[in-house]
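Q: I have a structure on the screen and would like to learn how to read it. Could we go through it feature by feature?

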Amino acid sequence: MNDPNPPTDHVGLEVLSNAQCDELLADNTIGRLAFVSDGDVVIFPVNYRYTNHTIVFRTADGTKLDVAANHQPVAFEIDGYDLESKTGWSVLVKGIARYVMEETEEAELSDLDLRPWAPLTRVRRWVRISPEEITGRKIV
(Lines give C-alpha, C1' and ligand atoms only; values in the text may rest on other atoms or scores of the structure.)
Protein backbone atom coordinates (compact mmCIF):
# COMPACT_ATOMS: atom_id res chain seq x y z
CA MET A 1 0.00 0.00 0.00
CA ASN A 2 1.31 3.44 -0.89
CA ASP A 3 1.94 5.85 1.95
CA PRO A 4 -0.41 8.85 1.46
CA ASN A 5 2.25 11.14 2.96
CA PRO A 6 5.66 9.72 2.07
CA PRO A 7 8.73 11.53 3.41
CA THR A 8 10.28 14.13 1.14
CA ASP A 9 13.72 15.69 0.90
CA HIS A 10 14.65 19.40 1.01
CA VAL A 11 13.51 19.98 -2.61
CA GLY A 12 10.28 18.01 -2.33
CA LEU A 13 11.33 14.70 -3.91
CA GLU A 14 9.87 11.58 -2.34
CA VAL A 15 12.47 9.70 -0.28
CA LEU A 16 12.50 5.97 -1.00
CA SER A 17 12.64 3.57 1.93
CA ASN A 18 15.48 1.10 2.41
CA ALA A 19 13.14 -1.69 1.28
CA GLN A 20 12.21 0.22 -1.89
CA CYS A 21 15.89 0.84 -2.68
CA ASP A 22 16.68 -2.85 -2.12
CA GLU A 23 13.83 -3.88 -4.41
CA LEU A 24 14.95 -1.52 -7.20
CA LEU A 25 18.56 -2.68 -6.89
CA ALA A 26 17.43 -6.32 -7.06
CA ASP A 27 15.08 -5.75 -10.02
CA ASN A 28 17.58 -3.95 -12.25
CA THR A 29 20.83 -5.05 -13.89
CA ILE A 30 22.48 -1.96 -15.42
CA GLY A 31 24.05 0.81 -13.36
CA ARG A 32 26.83 3.38 -13.36
CA LEU A 33 29.99 3.12 -11.31
CA ALA A 34 31.72 6.40 -10.37
CA PHE A 35 35.10 6.93 -8.72
CA VAL A 36 38.22 9.08 -8.87
CA SER A 37 41.03 7.89 -11.14
CA ASP A 38 44.24 9.86 -11.65
CA GLY A 39 42.59 12.95 -10.18
CA ASP A 40 39.52 12.83 -12.45
CA VAL A 41 36.02 11.62 -11.71
CA VAL A 42 35.08 8.79 -14.08
CA ILE A 43 31.79 6.98 -14.61
CA PHE A 44 31.40 3.58 -16.26
CA PRO A 45 28.23 1.68 -17.11
CA VAL A 46 28.27 -1.87 -15.75
CA ASN A 47 25.85 -4.74 -15.62
CA TYR A 48 25.51 -6.03 -12.09
CA ARG A 49 23.60 -8.15 -9.64
CA TYR A 50 22.44 -7.19 -6.16
CA THR A 51 23.04 -10.12 -3.84
CA ASN A 52 23.31 -10.33 -0.05
CA HIS A 53 22.90 -6.53 0.11
CA THR A 54 26.01 -5.98 -2.02
CA ILE A 55 26.55 -5.09 -5.66
CA VAL A 56 28.70 -7.40 -7.77
CA PHE A 57 29.97 -7.04 -11.32
CA ARG A 58 32.69 -8.50 -13.51
CA THR A 59 35.48 -6.61 -15.23
CA ALA A 60 38.84 -7.08 -16.89
CA ASP A 61 42.13 -5.60 -15.73
CA GLY A 62 41.99 -1.81 -15.75
CA THR A 63 40.80 1.14 -13.71
CA LYS A 64 37.72 -0.53 -12.21
CA LEU A 65 39.79 -3.46 -10.98
CA ASP A 66 42.51 -1.11 -9.71
CA VAL A 67 39.94 0.73 -7.60
CA ALA A 68 38.72 -2.57 -6.14
CA ALA A 69 42.23 -3.86 -5.46
CA ASN A 70 42.93 -0.71 -3.46
CA HIS A 71 39.56 -0.79 -1.61
CA GLN A 72 38.69 2.71 -2.79
CA PRO A 73 35.38 4.49 -2.22
CA VAL A 74 32.93 4.41 -5.11
CA ALA A 75 29.43 5.55 -5.95
CA PHE A 76 26.98 3.36 -7.84
CA GLU A 77 23.74 4.67 -9.33
CA ILE A 78 20.68 3.23 -11.04
CA ASP A 79 17.62 5.08 -12.23
CA GLY A 80 14.44 4.91 -14.25
CA TYR A 81 12.24 7.47 -15.95
CA ASP A 82 8.87 7.36 -17.67
CA LEU A 83 8.64 10.06 -20.36
CA GLU A 84 4.87 9.79 -20.65
CA SER A 85 4.03 10.24 -16.97
CA LYS A 86 7.11 12.38 -16.25
CA THR A 87 7.90 10.24 -13.19
CA GLY A 88 11.15 8.59 -12.24
CA TRP A 89 13.40 7.32 -9.52
CA SER A 90 17.07 7.11 -8.62
CA VAL A 91 19.04 4.97 -6.16
CA LEU A 92 22.54 5.95 -5.08
CA VAL A 93 24.91 3.57 -3.31
CA LYS A 94 28.09 4.81 -1.66
CA GLY A 95 30.58 2.23 -0.51
CA ILE A 96 33.90 0.49 -0.89
CA ALA A 97 34.80 -1.64 -3.89
CA ARG A 98 36.93 -4.71 -3.40
CA TYR A 99 38.30 -7.40 -5.63
CA VAL A 100 36.82 -10.85 -4.93
CA MET A 101 39.73 -13.22 -4.43
CA GLU A 102 38.38 -16.22 -2.53
CA GLU A 103 37.57 -19.23 -4.71
CA THR A 104 34.50 -20.14 -2.63
CA GLU A 105 33.10 -16.64 -3.07
CA GLU A 106 33.83 -16.71 -6.82
CA ALA A 107 32.07 -20.07 -7.12
CA GLU A 108 28.99 -18.66 -5.36
CA LEU A 109 28.95 -15.61 -7.67
CA SER A 110 29.32 -17.69 -10.82
CA ASP A 111 25.79 -19.01 -10.17
CA LEU A 112 24.46 -15.48 -10.82
CA ASP A 113 24.97 -15.87 -14.60
CA LEU A 114 26.47 -12.42 -14.89
CA ARG A 115 28.55 -11.73 -17.96
CA PRO A 116 30.12 -8.42 -18.98
CA TRP A 117 28.22 -6.87 -21.86
CA ALA A 118 31.38 -6.07 -23.80
CA PRO A 119 33.20 -9.10 -25.22
CA LEU A 120 36.49 -9.30 -23.39
CA THR A 121 39.41 -11.51 -24.29
CA ARG A 122 41.12 -11.06 -20.94
CA VAL A 123 40.31 -12.75 -17.66
CA ARG A 124 37.20 -11.36 -16.05
CA ARG A 125 37.39 -10.63 -12.34
CA TRP A 126 34.64 -10.16 -9.79
CA VAL A 127 34.25 -6.89 -7.90
CA ARG A 128 31.96 -6.41 -4.90
CA ILE A 129 30.71 -3.08 -3.59
CA SER A 130 29.85 -3.15 0.11
CA PRO A 131 27.38 -0.31 0.68
CA GLU A 132 27.99 2.17 3.46
CA GLU A 133 24.97 4.25 2.46
CA ILE A 134 22.00 3.63 0.16
CA THR A 135 19.58 6.43 -0.66
CA GLY A 136 16.78 6.80 -3.17
CA ARG A 137 14.48 9.46 -4.51
CA LYS A 138 11.32 9.37 -6.57
CA ILE A 139 10.08 12.10 -8.92
CA VAL A 140 6.30 12.22 -8.86
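This is a predicted model: local features need pLDDT of at least 70, side-chain atom pairs count only at pLDDT 80 or more; totals for chains, interfaces and linings use all residues.

Q: Which elements make up the protein chain, and in what order do they run from the N terminus?
A: The protein chain has three helices and eight strands. Starting at the N terminus, the order is β-α-β-β-β-β-α-β-β-α-β.

Q: Where should I look for a nonpolar core, and which residues have the most contacts inside it?
A: In soluble globular proteins, nonpolar side chains tend to be buried together. Here the largest nonpolar core has 22 residues, and those with the most contacts inside it are L25, Y48, I55, F76, V91 and I129. The elements giving two or more residues to this core are α1 (18-27), β2 (30-37), β5 (54-59), α2 (63-69), β6 (73-82), β7 (87-99) and β8 (125-139).

Q: Take I55 as a case. Which residues does I55 touch, not counting those up to four places away in sequence?
A: I55 touches L25, Y48, R49, Y50, F76, V93, V127, R128 and I129. Of these, L25, Y48, F76 and I129 are also named among the core residues with the most contacts.

Q: How do I read a helix that has a buried side? In α1, which residues are buried, and which exposed residues does the opposite face carry?
A: The idea is to look down the helix axis and see where the buried residues point. In α1 the buried residues are C21, L24 and L25. They fall within an arc of 100 degrees when seen down the axis, so they line one face of the helix. The face turned away from that buried side carries the exposed residues A19, E23 and D27.

Q: Which strands do the buried residues of α1 pack against?
A: They pack against β4, β5, β6, β7 and β8.

Q: How is a pair of aromatic rings described, and how many aromatic pairs are there here?
A: A pair of aromatic rings is described by the distance of the centres and the angle of the planes. The count here is two aromatic pairs. In one of them, the ring centres of F35 and F44 are 5.8 Å apart and the planes are at 25 degrees, so the pair is stacked. Y48 and F76 form an edge-to-face pair, with 4.9 Å from centre to centre and 75 degrees between the planes. This pair links distant parts of the chain: Y48 is in the loop between β3 (40-47) and β4 (49-51), F76 is in strand β6, and the two are 28 residues apart.

Q: Where does F35 lie, and which residues is F35 in contact with beyond its neighbours within four places in sequence?
A: F35 lies in strand β2. Its contacts are D40, V41, V42, F44, T63, K64, V67, P73 and V74. F35 and T63 are 28 residues apart along the chain, and their C-alpha atoms are separated by 9.5 Å.

Q: What about R137: which strand holds R137, and which residues does R137 touch?
A: R137 lies in strand β8 and is partly exposed, with 29% relative accessibility. Leaving out residues up to four places away in sequence, R137 touches D9, L13, E14, V15, L16, G88, W89 and S90.
A: Most residues other than glycine have a negative phi, and most peptide bonds are trans. N52 is not a glycine, yet its phi is positive, about 50 degrees. N52 sits in the loop between β4 and β5. H71, also not a glycine, has a positive phi of about 50 degrees and is found in the loop between α2 and β6.

Methods. Residues are numbered from 1 along each chain as its sequence is written. Side-chain values use heavy atoms; hydrogens and water are left out. Helices (H or I, at least four residues) and strands (E, at least two) are DSSP runs, numbered from the N terminus. A nonpolar core is a set of buried Ala, Val, Leu, Ile, Met, Phe, Trp, Tyr and Cys residues joined through side-chain atoms within 4.5 Å. Buried means under 20% relative accessible area, exposed over 50%, partly exposed in between (1.4 Å probe, protein chains only). Contact means heavy atoms within 4.5 Å. Rings of Phe, Tyr and Trp (its six-membered ring) pair if their centres lie within 6.5 Å; planes under 30 degrees apart count as stacked, over 60 as edge-to-face and the rest as tilted. The arc is that of the directions from the helix axis to the C-beta atoms.
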